[in-house]
Amino acid sequence: MTPSDREAERSVNQPDGNPTPKIRLRGLVKTFGAKRVLDGVDLDVHAGQSLVLLGGSGSGKSVTIKCILGLITPDEGLIEVDGQDVSRLSRRDRTALRDRIGMLFQNGALFDSLPVWENVCFKLLAQKRITRAGARDKAAEVLAQVGLAASVGDLSPAELSGGMQKRVALARAVAAKPDIIFFDEPTTGLDPIMGAVIDGLIVDCVKRLGATALSITHDMASARRIGDAAAMIHKGRIIWTGEAARLGETGNAMVDQFARGEREGPIQMELRR
Amino acid sequence: MNHLLDALALVGRGLISACRTVGDVGIFAGIGVSHLVRPPFQFRQFWRHFVEIAYFSLPVVALTALFTGMVLALQSFTGFSRFNAESAIASVVVLSVTRELGPVLAALMVAGRIGAAMAAEIGTMRVTDQVDALTTLSTDPMKYLVAPRLLAATLAMPLLVIVANILGVLGGFLIGTLKLGFVAQTYLDNTWDVLEVMDVVSGLVKAAVFGFVIGLMGSWCGYNSKGGAQGVGQATTAAVVTSSILILALDYVITQAFFSK
């Protein structure tokens, strides 16, 4: 890493001037069988920052997010949210932490057995922050924020197109006004225009909520649109962090190859080995 | 010698794996049951599954019981007439149905219908991240998915078995009176005279246990399914097969407990 890289990293890692990151990962290790998926991940995401985590398939992006969410327990390493070690939190505090987090899953993960309005307000209903009667109105309000009509609320998820499902999933992720939001491959499976629409909605929602966002994606156009910072994970380690706008011109051969989608380069050579 | 050791190692690994699975299922059941007594309670989910099991399984259970009672009366007549014991048919039908055939056949039918559906639904939710989504939405999947199914299946099965008992006896009554020439009142008297409360109670206890097993195995197989559509298919098959085997095994255990003295 060159001095200019370090300076760039420092500037994107502390945009709020607060040295304590919103999310701090240190030495995160996770092994599945013989495969070491995470091999010492170090990453900071600062409050109000929208960081995009890039990496090839199987590089450990989703596992990183699932570790932060507590869906997977890491073998080693530290996960801090607002300076609190997540592994030391009591069951109640961990639940309270999850209450502040929203998550958009890659395939939407909408509940098939529930209508759209109940999907959107699921968390609010689970936390008893809203009545079922009020949930319909709330769902209509949140659906409007992602460009869907209130009538969509009465449909089943199976009746929606892929783009609509993504928008409903986004509405569900932000309905409870989380201060941390994770986006797992938000534009995968969508056409470029719908992908851009979803990216725009993500940027709007994150700004409106003043939330901290951590997204994982393969889609470079999407990464530049939704991220103000980016990091690349390769073989279970973070190999670069910097401004999302610099993707493709970072000076890091692996990152630039990945960002440009080039066939030849260090990553492919390693795959051939 | 080495072949013998390899064979022993294989058996040992199988036994360890079986013990681990039994332990996993036991812990899973314990966690599921613990959520039944800890708020918040998922009444809406419970009611949804209760209706699905108790109401929508009625046709298949009713038809199975009715035809079983009819066949039982015919077969009993064939056998008993060789010993001039035709008058025992009503007793045999009512005791067989209430003690054994009603609970077991209803449970096997429900295992095929509901156990498979539970495994498929939860399995699909697992492989499409819906189970993880529940966790991120401040909801414990065990509380939301498993506990209501366990309770619904445990409470619904006895109701289905009551219906199965009535229709099984009715099937025997119809064949006895319409085909075999029994006098209706005599047939009913023979039925009531031999029936004891414990016969019905033991059948209902079996039904509740079988219901719990169906809910447990359907949920457990689905919850632990992996690998997309193929994994869900395997989970569905495993749920039905393990439920059916456990139903037959536990049938013996409960029968022994009730009637050994």
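Entry 1, chain B overall. I read the elements of chain B from the N terminus on, and they run α-α-α-α-α-α-α-α-α. That is nine helices and zero strands, where helices (H or I, at least four residues) and strands (E, at least two) are DSSP runs numbered from the N terminus. I note that the model is predicted: local features need pLDDT of at least 70, side-chain atom pairs count only at pLDDT 80 or more, and totals for chains, interfaces and linings use all residues. Residues are numbered from 1 along each chain as its sequence is written, and chains are lettered from A and ligands numbered from 1 in the order in which they are written.

I looked up the extent of chain B: its C-alpha trace spans about 65 × 60 × 35 Å along the principal axes. Of its 261 residues, 45% are buried; buried is 20 or more other C-beta atoms within 10 Å of a residue's own, with C-beta atoms placed from the backbone. I then took the contacts (C-beta atoms, placed from the backbone, within 7 Å). Among those in chain B between residues at least 6 apart in sequence, 88% join residues at least 24 apart.

I find 23 residues in α3(B), residues 58-80, and 32 Å from first C-alpha to last, close to the 33 Å expected at 1.5 Å a residue. The expected span is 1.5 Å times one less than the number of residues. I list among its buried residues Val61(B), Ala65(B), Leu72(B) and Phe77(B). The cover over the buried residues includes α4 (89-127) and α6 (141-178) of chain B.

I traced an open sheet of six strands with mixed pairing, in the order β6-β7-β8-β3-β9-β10 (chain A); strands pair if DSSP finds at least two bridges between them. β6 and β10 (237-243) of chain A stand at the edges with a single partner strand each, so one side of each has no neighbour in the sheet. The twist averages 15° from one strand to the next. β9(A), residues 229-234, and β10(A) pair in the antiparallel sense over six bridges, and I find Ala229(A) opposite Glu243(A) in β10(A).

I count 15 residues of chain A in contact with ten residues of chain B. On the chain A side, α3 (91-99), β6 (101-104) and α5 (122-126) each supply at least two residues.

Notes
Two residues are in contact if their C-beta atoms, placed from the backbone, lie within 7 Å. A residue is buried if 20 or more other C-beta atoms lie within 10 Å of its own, exposed if 12 or fewer, and partly exposed in between; C-beta atoms are placed from the backbone. Axes are lines fitted to C-alpha atoms, for helices over the stretch in contact, and angles run from 0 to 180 degrees between N-to-C directions.
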